[in-house]
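Reader: I have a model open and I'd like to learn how to read it feature by feature. Can you walk me through it?

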Amino acid sequence: MKILVIALSGIGDALMFTPALKILKQEFPAAEVDALVMFGGAKDIFLNNPDVNRLIHFNFLKEGIFNSLRFVFSLRKRYDVTINVYPSNRKEYNAISFLIGAKKRVAVEYLRMNKENLGWLNNITVKEDDSLHNVQTNIRMVEKLINKQTDEEPPLQLFLKEEYLHFADNYLKENKISDNDFVIGIHPGCATLKNHIKRRWEPEKFAQLSYELIKKYSAKILIFGGPEEKELKEEVAEKIKSDKAIIIETDSLSKSSAIMKRCNLFVTNDSALMHIASALSLPVVAIIGPTNINYIHPWKTEYKIASLNLDCSPCFFYSPKPLSCKRDDVKFKCIKELTVEKVLAVIESLLSGTDKF
């Protein structure tokens with residue numbers, strides 16, 4: 001049996017499929033399981049994963065319609081099963097799965113805009129459930145495929161080469177971070193597509209929070225983010241005004257992840273790095289505004305959520321529509337009015353119950 005996992009929607013979504021992938025391979029050990037990704041960071045997620053036979057990287061956004069169609073048809077009739085990871089409810093992803101031509105096309109039947117996004121092209125589906133974590137929904141898809149219910153809910157699967165761990169050791173030494181330092185990682189960024197930049201807590205608040213953590217715990221602050229977040233990281237570091245704040249710059253997500261392993265705590269927006277931190281079993285404080293916490297809370301690790309828990313939250317559920325706010329008083333109040341004091345109190349609450357400090 002040949003199975004293609006279609007993980008085109010991003011880094012966090014790819015990572016949240018890995019527990020289901022583990023179950024899939026356990027059930028079909030002889031199957032050839034390939035993964036198709038579009039983003040370089042998603043490629044890093046599946047890199048070195050023993051449950052993936054072949055990793056296929058193709059950037060549909062850059063290649064355009066003609067080259068993309070030619071690529072998709074090159075995969076036609078080569079797979080018995082295709083699986084669209086959850087969430088990936090764009091019509092383009094469903095069309096790609098259909099054109100590849102597998103007899104079994106596994107996906108989620110979305111509660112919102114499923115018909116408009118060609119969900120009917122899939123023939124093995126599970127109905128979306130807003131009360132479930134993305135990991136659990138992915139597992140339900142695999143259960144539907146194997147026609148068997150499993151009680152297993154594995155942790156996120158991330159495999160880092162020894163060379164990346166050695167790189168991280170050297171990087172930390174060069175930046176004078178010792179075994180005795182209390183290290184806090186922060187990620188002030190998140191995805192920007194479909195207006196998701198509005199999910200970000202303000203850079204000045206991350207800076208003020210970092211300053212308070214340095215003052216209270218003599219912490220060293222590692223500022224993480226992708227290459228497209230370089231200016232954001234520099235802005236936060238400049239506002240912290242401390243030599244204990246260090247911008248992390250690497251040429252791959254895997255190397256950044258290896259450095260993240262050293263953190264005693266990770267404070268982050270709702271982002272792919274929140275899920276990386278979960279995969280690394282770090283204590284996490286997640287700053288959540290409009291997103292449904294059931295979907296994306298840190299998985300199988302110690303965590304707390306910093307949120308205002310407004311009556312209108314959550315308002316973001318999976319849909320191809322851009323993120324918007326219907327409030328008349330303060331747009332995106334759930335993020336705008338979340339104070340540094342509130343987040344600091346959540347951090348202190350987590351630290352008081354962890355053996356990491």
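**Salt bridges, strands and cover**

Author: Let's start with charges: the structure holds 19 salt bridges. Keep in mind that this is a predicted model.

Reader: Okay, how do I read one of them? What is the distance between the closest N and O atoms of lysine 2 and glutamate 32?

Author: The general idea is that a pair counts when a side-chain nitrogen of Lys or Arg is within 4 Å of a carboxyl oxygen of Asp or Glu. For lysine 2 and glutamate 32 the closest N and O atoms are 3.7 Å apart, so they form a salt bridge. Next, look at where the partners sit. Lysine 2 is in strand S1 and glutamate 32 is in strand S2, so this pair ties together parts 30 residues apart in sequence.

Reader: What about a salt bridge inside a helix?

Author: The general idea first: an α-helix has 3.6 residues a turn, so residues three or four places apart point the same way. Now the case here: glutamate 212 and lysine 215 meet through their side chains in a salt bridge of 3.5 Å, N to O. They are three residues apart in helix H7 (residues 203-217), which means about one helical turn separates them. Glutamate 212 is partly exposed at 22% relative accessibility, while lysine 215 is exposed at 55%.

Reader: Let's go back to S1. How do I read its neighbours?

Author: You ask which strands it bridges to, and in what direction they run. S1 (residues 2-7) is joined to S2 (residues 32-37) by six bridges, and the two run parallel. One partner pair is alanine 7 with valine 37 in S2.

Reader: How many of the six residues of S1 are buried?

Author: Five of the six, so S1 is mostly covered.

Reader: Now side-chain directions in a strand. What should I expect?

Author: In a regular strand the side chains alternate between the two faces of the sheet. In strand S8, Lys220 and Leu222 point one way, Ile221 and Ile223 point the other way, and all of them are buried.

Reader: Which strands does S8 run parallel to?

Author: Strand S7 (residues 183-187) is joined to S8 by four bridges, in parallel, and isoleucine 186 stands opposite isoleucine 223. The chain gets from S7 to S8 through H7, in a right-handed β-α-β crossover. S8 also has three bridges to strand S9 (residues 245-247), parallel as well, where isoleucine 223 is opposite isoleucine 247. From S8 the chain goes through helix H8 (residues 230-240) to S9, and this β-α-β crossover is right-handed.

Reader: How do I read a helix by its cover?

Author: Count the buried residues, then see what lies over them. In helix H9 (residues 253-260), eight of the eight residues are buried, including Lys255, Ile259 and Met260. The cover includes helix H1 (11-27), helix H2 (40-46), helix H6 (162-174), strand S8 (220-223), strand S10 (265-269) and helix H10 (272-279).

Reader: And the outside? Which residues form a nonpolar patch on the surface?

Author: Ile65, Leu69 and Phe73, with about 310 Å² of accessible area together. Leucine 69 lies in helix H3 (residues 60-74), and its 37% relative accessibility makes leucine 69 partly exposed.

Methods: Residues are numbered from 1 along each chain as its sequence is written. This is a predicted model: local features need pLDDT of at least 70, side-chain atom pairs count only at pLDDT 80 or more; totals for chains, interfaces and linings use all residues. Side-chain values use heavy atoms; hydrogens and water are left out. Patches are made of residues with over 30% relative accessible area and no salt bridge: like charges are joined within 9 Å, nonpolar side chains (Val, Leu, Ile, Met, Phe, Trp, Tyr) within 5 Å. Accessible areas come from the Shrake-Rupley method with a 1.4 Å probe; for residues, only the protein chains shown count as cover. Buried means under 20% relative accessible area, exposed over 50%, partly exposed in between (1.4 Å probe, protein chains only). Contact means heavy atoms within 4.5 Å. Two strands pair if DSSP finds at least two bridges between them. A crossover is right-handed if, with the strands pointing away from the viewer, the path from the first strand over the helix to the second runs clockwise.
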